[in-house]
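Colleague: I would like to learn how to read a model of this kind, feature by feature. Can we start with charged pairs?

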Amino acid sequence: NTLEVTPDWRVVSLTLAMSVGTALVFGLLPAVRGTRLSLAETLRAQARSVIGTDARGGRGQLGKLLVAGQMAFAVLLLVVAALFARSLQALIHVDVGYDRDHVLVIRIDPRSAGYDPTELPALSTRLIERLGSLPGVVAVSLSANGPFSGSRSRGDFQVEGYTAGPQEEMIKHSEWVTSDYFRAVGLTVTQGRGFTPEDSARSRRVSVINETLARRYFRGQNPIGRRWGNSNNFASDGVEIVGVVTDARYNDVKAGSIAMSYMPALQSQRYLRSIEVRSSGNPAALAGVVRRTLRETEPRLAVGAIETLDVRIVRSIRIERLLGWLTMAFGGAALSLACLGLFGTISNAVKRRTAELGIRVALGADRRAVQWLIVREALLLVLLGGAIGLPLAFLAARALRGLFYGIAPSDSVSYATAAGVLIVVCACAAYIPAWRASRLDPIVALRGE
């Protein structure tokens with residue numbers, strides 16, 4: 001999967017036009033309003049009301065709507081960000097079937113190094129013996145593609161004794177491996193056996209299938225001894241099944257297990273481009289010594305990336321990670337803007353209500369009551385924005401449900417987290433001007449008025 005991130009002049013132009021238009025509209029409105037003030041009405045307007053309002057209430061209502069709109073937009077982005085974050089968390093911790101914590105994978109290219117196909121068996125033997133002798137190494141194998149390499153081999157096939165439906169498409173993925181592959185990557189043989197050195201080019205063709213392929217085409221029957229092939233001439237061209245291994249996800253964490261067959265590398269002249277090293281401890285600690293050993297053992301062998309299987313798996317979900325981080329960044333930006341708007345609105349309200357608040361304090365009002373008076377007004381705007389934003393967030397989540405993994409668009413934890421973060425952060429933003437209001441000196445406040 002790829003995600004195009006090249007800058008597009010149309011997107012840049014639209015963003016610039018919207019930014020300039022927004023600045024002009026919301027910059028000119030206060031200026032126009034300021035030129036139409038009536039001096040007499042301004043001097044008579046002494047009554048103070050709720051946040052951002054005066055005796056006429058018009059300006060305050062517009063301010064309320066703008067702040068509530070900011071809150072609604074922040075809630076929408078925070079919910080979507082929380083859904084992507086939980087989806088990403090589920091993807092990172094999904095059981096892929098391999099022992100991802102103890103496997104080091106090495107990319108090699110014998111073809112470009114000039115190895116002849118007849119040299120491949122001896123090359124594999126040397127690499128396995130040399131790397132297997134390193135301290136901390138439990139098992140070593142080679143494979144044609146390797147887990148989560150992005151490469152794959154797939155094709156049509158037929159199964160002995162199985163009749164496909166009229167529209168049924170029989171496709172499986174294939175991998176060519178050395179005898180210790182299943183032990184090296186952490187797959188378990190559940191039926192039959194794995195490969196042995198006796199499975200050579202001179203012996204009958206054999207394969208090991210995974211549980212997904214066994215369930216689909218053998219439906220509870222024992223697949224050991226059955227055959228599959230590219231034609232229905234199983235007697236001469238068929239490949240005998242000698243074992244069944246546990247499922248594993250091949251290239252896509254989200255796709256789940258796929259029908260998979262494994263063939264011994266000794267029965268093919270395919271170039272093996274991946275080495276799997278299973279360690280007893282942290283596999284990353286072996287990277288340096290493995291590279292030096294390969295250089296000493298096979299100086300002409302082209303060696304590419306050396307990384308842990310866990311790193312390779314995490315990299316396979318890079319698009320999901322990018323979407324998660326982007327939505328969290330946008331959600332944080334929207335929350336910051338909403339809090340700044342709320343802070344400015346409340347600060348302005350406190351300034352306009354200085355006399356009223358001074359009188360309340362002079363008459364013995366508790367300072368906590370004055371703080372709650374201001375914070376309560378802010379929370380009402382937050383709740384109003386939440387009432388608008390939560391349904392919009394649900395609709396957005398329904399539209400994006402194909403991008404989520406392991407969670408529903410109505411995930412209650414995500415909605416509760418987004419709402420809780422918004423309320424707590426906005427309450428903190430509102431508390432600062434509320435605290436200042438509760439510390440007003442009545443005499444100074446009335447004198448200033």
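Modeller: Side chains of opposite charge can pair when their charged atoms come close. In this predicted model, Glu307, Arg312 and Arg315 are linked in a network of salt bridges.

Colleague: What is the N to O distance between arginine 315 and glutamate 307?

Modeller: The salt bridge between the side chains of arginine 315 and glutamate 307 has an N to O distance of 2.6 Å. Glutamate 307 counts as buried, at 13% relative accessibility, whereas arginine 315 is partly exposed, with a relative accessible area of 37%.

Colleague: How many salt bridges does a search of the whole structure find?

Modeller: The search finds 13 salt bridges. One of them pairs glutamate 160 with arginine 227, and the closest N and O atoms are 3.0 Å apart. Glutamate 160 sits in the loop between strand 4 (158–159) and strand 5 (171–177), and arginine 227 in strand 8 (residues 227–229), so the pair ties together parts that are 67 residues apart in sequence.

Colleague: How exposed is glutamate 160, and how exposed is arginine 227?

Modeller: Glutamate 160 has a relative accessible area of 21% and is partly exposed. Arginine 227, at 25% relative accessibility, also counts as partly exposed.

Colleague: Which residue forms a salt bridge with glutamate 240?

Modeller: The partner of glutamate 240 is arginine 204, with 2.6 Å between the closest N and O atoms. Glutamate 240 belongs to strand 9 (residues 239–245), while arginine 204 lies in the loop between strand 6 (189–192) and strand 7 (206–210), so this pair joins parts that are 36 residues apart in sequence. Arginine 204 counts as partly exposed, at 48% relative accessibility.

Colleague: Now to helix pairs. How is the packing of two helices described?

Modeller: Two packed helices are described by the angle between their axes and the distance between the axes. Here the axes of helix 12 (residues 367–399) and helix 13 (residues 412–438) come within 8 Å and cross at roughly 155°. That angle makes helix 12 roughly antiparallel to helix 13, since angles over 145 degrees count as roughly antiparallel. The crossing of helix 12 past helix 13 is right-handed.

Colleague: Which residues make the contact?

Modeller: Helix 12 contributes residues including Val370, Ile374, Leu379, Phe394 and Ala397. From helix 13 come, among them, Tyr415, Leu422, Cys426, Tyr431 and Trp435. The residues of this contact divide into 20 nonpolar, two polar and one charged.

Colleague: What follows helix 6?

Modeller: Arginine 219 follows helix 6. Its phi is near 50°, a positive value in a residue other than glycine. Arginine 219 lies in the loop between helix 6 and strand 8 and counts as exposed, at 61% relative accessibility.

Colleague: Is phenylalanine 148 buried or exposed?

Modeller: Phenylalanine 148 is buried, with a relative accessible area of 4%. This residue is not a glycine, but has a positive phi of about 55°. Phenylalanine 148 is in the loop between strand 2 (137–143) and strand 3 (153–156).

Colleague: Next, contacts across the sequence. Where is leucine 187?

Modeller: Leucine 187 is in the loop between helix 5 (181–185) and strand 6, and is buried, with a relative accessible area of 6%. Leucine 187 and glycine 97 are 90 residues apart in sequence, yet their C-alpha atoms are 6.9 Å apart in space. Leaving aside neighbours within four places in sequence, leucine 187 is in contact with residues including Tyr98, Phe182, Asp247 and Tyr262.

Colleague: And for the protein chain, how many helices and strands are there?

Modeller: The protein chain has 14 helices and twelve strands. Of its 449 residues, 42% count as buried. Among contacts between residues at least 6 apart in sequence, 81% join residues at least 24 apart.

Definitions and conventions. Residues are numbered from 1 along each chain as its sequence is written. This is a predicted model: local features need pLDDT of at least 70, side-chain atom pairs count only at pLDDT 80 or more; totals for chains, interfaces and linings use all residues. Side-chain values use heavy atoms; hydrogens and water are left out. A salt bridge is a side-chain nitrogen of Lys or Arg within 4 Å of a carboxyl oxygen of Asp or Glu. Helices (H or I, at least four residues) and strands (E, at least two) are DSSP runs, numbered from the N terminus. Buried means under 20% relative accessible area, exposed over 50%, partly exposed in between (1.4 Å probe, protein chains only). Axes are lines fitted to C-alpha atoms, for helices over the stretch in contact, and angles run from 0 to 180 degrees between N-to-C directions. Angles under 35 degrees count as roughly parallel, over 145 as roughly antiparallel, 65 to 115 as roughly perpendicular and the rest as oblique. A crossing is left-handed if the near helix is turned anticlockwise from the far one by less than a right angle, and right-handed if clockwise. Contact means heavy atoms within 4.5 Å. Ala, Val, Leu, Ile, Met, Phe, Trp, Tyr, Cys and Pro count as nonpolar, Asp, Glu, Lys and Arg as charged, and the others, Gly among them, as polar.
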